[in-house]
Amino acid sequence: MTTRSGKNIEKIPEPTLRRLPWYLSGAKLMRERGERYISSTRLSEQINIDASQIAKDLSFVNISGRTRVGYEIDSLIRVLEDFLGFTRLHKAYLFGVGSLGGALLRDSGLAQFGLEIVGAFDVNPELVGTSINGIPIYHTDEFTERIRQDGVCIGVLTVPISIAQEVTDRMVDGGIRAVWNFTPFRIRVPEHIVVQNTSLYAHLAVMFNRLNETLKK
Ligand SMILES: NC(=O)c1ccc[n+]([C@@H]2O[C@H](COP(=O)([O-])OP(=O)(O)OC[C@H]3O[C@@H](n4cnc5c(N)ncnc54)[C@H](O)[C@@H]3O)[C@@H](O)[C@H]2O)c1
């Protein structure tokens, strides 16, 4: 698969894709401070990543800097947002409107990163028929019917772990092509389905471990 700029996106290493949003935030912060240009060195000081790494990562996107002054901030932001898919809204459904699912529905920041949750599904009769942040909550049984009308291809999974696989299978059967899995269950999907597992707790474990190391010193 290729981008509009003709770059082969399969070749981009995942760590680079994870770092690019940091460059975007750094560039936005600099723009707020009134800067018009930003060099890799300046960005490096800002976000504490090696300047040569930044230059290497940015070589994957269609942007070129000017000697000494660096990248024009407005162009860098535009190109990065476009490259990362943040300028297009990707429609998604959320499954399981509990404490985590409800919080995600309330998070208006997701749209800034290109994710628009257009509907949610739950089985709790107290939730079905209500809405959160303007997002309607339907009964899970309505999913197959809804997806035909809404043209959604992303599913956010925030159901109890015990039914994670069952709900995933339903999503995939209905036409979902990418699952953002927040459950701690390693869901199994056909090869063509994209899965992104996300856990706040995994990061916590790393933090606790590193903290313990520093406390021992
Ligand atoms: N990744 C993370 O960092 C993180 C953080 C918190 C929770 N979690 C995980 O997210 C999941 C949800 O956690 P929670 O605390 O919000 O739980 P919760 O019990 O508050 O919410 C679960 C919701 O799923 C609904 N549900 C049950 N069966 C369903 C079905 N068939 N279809 C649709 N909805 C259904 C329930 O009615 C409930 O509203 C759990 O698997 C939990 O382990 C992950």
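**Ligand shell, helix pair and domains**

Guide: By class, the shell around the ligand in this predicted model consists of 14 nonpolar, 10 polar and 1 charged residues.

Visitor: Which residues come nearest to the ligand?

Guide: Of the 25 residues around the ligand, the nearest are Gly 96, Gly 98, Leu 100, Thr 183 and Leu 200. Two or more residues of the shell come from each of α5 (99–106), β4 (115–122) and α9 (200–216).

Visitor: What makes α5 stand out in the shell around the ligand?

Guide: α5 gives the most to that shell, with 3 residues.

Visitor: Why are α2 and α3 called roughly perpendicular to each other?

Guide: The axes of helix α2 (residues 40–47) and helix α3 (residues 51–58) cross at roughly 115 degrees. Angles of 65 to 115 degrees count as roughly perpendicular, and α2 and α3 are therefore described in that way. Their axes come within 8 Å, and the crossing is right-handed.

Visitor: Which residues make the contact of α2 and α3?

Guide: From α2 come Ser 40, Thr 41, Leu 43 and Ser 44, and from α3 come Ala 51, Ile 54 and Ala 55.

Visitor: How do the residues of the contact of α2 with α3 divide into nonpolar, polar and charged?

Guide: There are 4 nonpolar and 3 polar residues in this contact, and no charged ones.

Visitor: Where do domain 1 and domain 2 lie?

Guide: The domain assignment places domain 1 at 9–83 and domain 2 at 90–202. Taken over C-alpha atoms, the centres of domain 1 and domain 2 are separated by 32 Å. Helices α2 (residues 40–47) and α3 (residues 51–58) fall within the bounds of domain 1.

Key: Residues are numbered from 1 along each chain as its sequence is written. This is a predicted model: local features need pLDDT of at least 70, side-chain atom pairs count only at pLDDT 80 or more; totals for chains, interfaces and linings use all residues. Axes are lines fitted to C-alpha atoms, for helices over the stretch in contact, and angles run from 0 to 180 degrees between N-to-C directions. Helices (H or I, at least four residues) and strands (E, at least two) are DSSP runs, numbered from the N terminus. Angles under 35 degrees count as roughly parallel, over 145 as roughly antiparallel, 65 to 115 as roughly perpendicular and the rest as oblique. A crossing is left-handed if the near helix is turned anticlockwise from the far one by less than a right angle, and right-handed if clockwise. Two residues are in contact if their C-beta atoms, placed from the backbone, lie within 7 Å. Ala, Val, Leu, Ile, Met, Phe, Trp, Tyr, Cys and Pro count as nonpolar, Asp, Glu, Lys and Arg as charged, and the others, Gly among them, as polar. A residue is near a molecule or strand if its C-beta atom, placed from the backbone, lies within 6 Å of it. Domain bounds come from an automatic or database domain assignment.
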